[in-house]
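User: I would like a close look at a single part of this model. Please keep the answer connected and brisk.

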Amino acid sequence: MKNILLLLFFVISCRSYTQQTIVPLRTYTDIPEDAGYYMKDTNDELSAFEGTWKGTWNNKTLFITFKKIIYRYNTTLKYHADIIIGKFKTVDSNGNILFNNLQLTDNDAKVRGVGFQNITNKYIMSYTDNDICGMSGTIYISFANAAKTQLNIYFDQRNQILDTDCYFYNYSPDQYPEPLPKDNIILTKQ
C-alpha cells in the first residue's frame, strides 16, 4: 500500500510539473512570465511564410529564407512560442554579395519573429546585426496576394549610436550599409 501511494504521488507530481498552458499565436493579452506557457501556431499560419523569397530595391536584390521554429523559448518574455526566423543574402546589381548570413545556425539567426500585430495583421520580426555595428530594427511582413506567393516587407531601422570602433563612424548617414529595404517592397516566393 505504501508503494502504491508513493507511485501515485510520483505520477501526480510529474503530471503537474509537465502541465502546460497553450495559447494561440494571436493572443493579444499579457501572458504571465512562466515557462509553462506556450504560444502555439494552432492555425498553422506561419507555414505559409516558409521558403525563400526574392525582391529588389535600389539596385540590390534580397534573398531571404524564412523557417518556422516550433517551441522556441523567449528568454525576454519567459515563455515558449512558435516563431519564424530569417536568414538573408543581399547582392548588388553586378551580383556582388553585400551581406550574407545564410550560413548561420538557426539559433544565431539575426531575424527572429515576435508575433502578429493586432491591428494591421502584419507579422513582426526583430533584426539585430552586431556585424554591422549593432544595426537593429523591426521588420514587418504580410502577404501581398491571396495565393500567398508575394510578400510585403518593410524594415524600420532604429537610430544607431555609433562609436569610433564602428567602421562607418565617419560616414554620412546616406553612406551607411543597407542590408534590408527601408521602403516597402514586394518579395516573390521562389
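What is the handedness of the link of Cys 133 and Cys 166, and what is the angle about the S-S bond?

Analyst: This is a predicted model, where local features need pLDDT of at least 70, side-chain atom pairs count only at pLDDT 80 or more, and totals for chains, interfaces and linings use all residues. Residues are numbered from 1 along each chain as its sequence is written, and side-chain values use heavy atoms, leaving out hydrogens and water.

The link of Cys 133 and Cys 166 is right-handed, with 95° about the S-S bond. The structure holds one disulfide (a pair of cysteine sulfur atoms within 2.5 Å). Here the S to S distance between Cys 133 and Cys 166 is 2.1 Å. Cys 133 sits in the loop between strand 8 (123–129) and strand 9 (135–143), and Cys 166 in the loop between strand 10 (150–157) and strand 11 (185–189), so the pair ties together parts that are 33 residues apart in sequence. Strands are DSSP runs (E, at least two residues), numbered from the N terminus.

Cys 133, at 23% relative accessibility, counts as partly exposed. Cys 166 is buried at 6%.

Now the strand pairing elsewhere. Two strands pair if DSSP finds at least two bridges between them. Strand 3 (residues 51–57) and strand 4 (residues 60–74) run antiparallel, joined by seven bridges. Trp 57 has Lys 60 of strand 4 as its bridge partner. Two residues lie between these strands in the hairpin, where Asn 58 takes a positive phi near 45°. Strand 4 also pairs with strand 5 (residues 79–92), again antiparallel, over 13 bridges. Asn 74 stands opposite Tyr 79 of strand 5. This hairpin has four residues between the strands, and Lys 78 takes a positive phi near 65°.

Asp 41 comes next. Its place is the loop between strand 2 (37–40) and strand 3. Asp 41 is buried, with a relative accessible area of 6%. A 2.9 Å polar contact joins its side chain to that of Lys 68. A polar contact is a pair of N or O atoms within 3.5 Å; within protein, one must be able to donate a hydrogen and the other to accept it, and residues adjacent in sequence count only if both atoms are side-chain atoms. Leaving aside residues up to four places away in sequence, Asp 41 touches Leu 25, Leu 46, Ser 47, Lys 68 and Asp 82 (contact: heavy atoms within 4.5 Å).

How values were computed. Buried means under 20% relative accessible area, exposed over 50%, partly exposed in between (1.4 Å probe, protein chains only).
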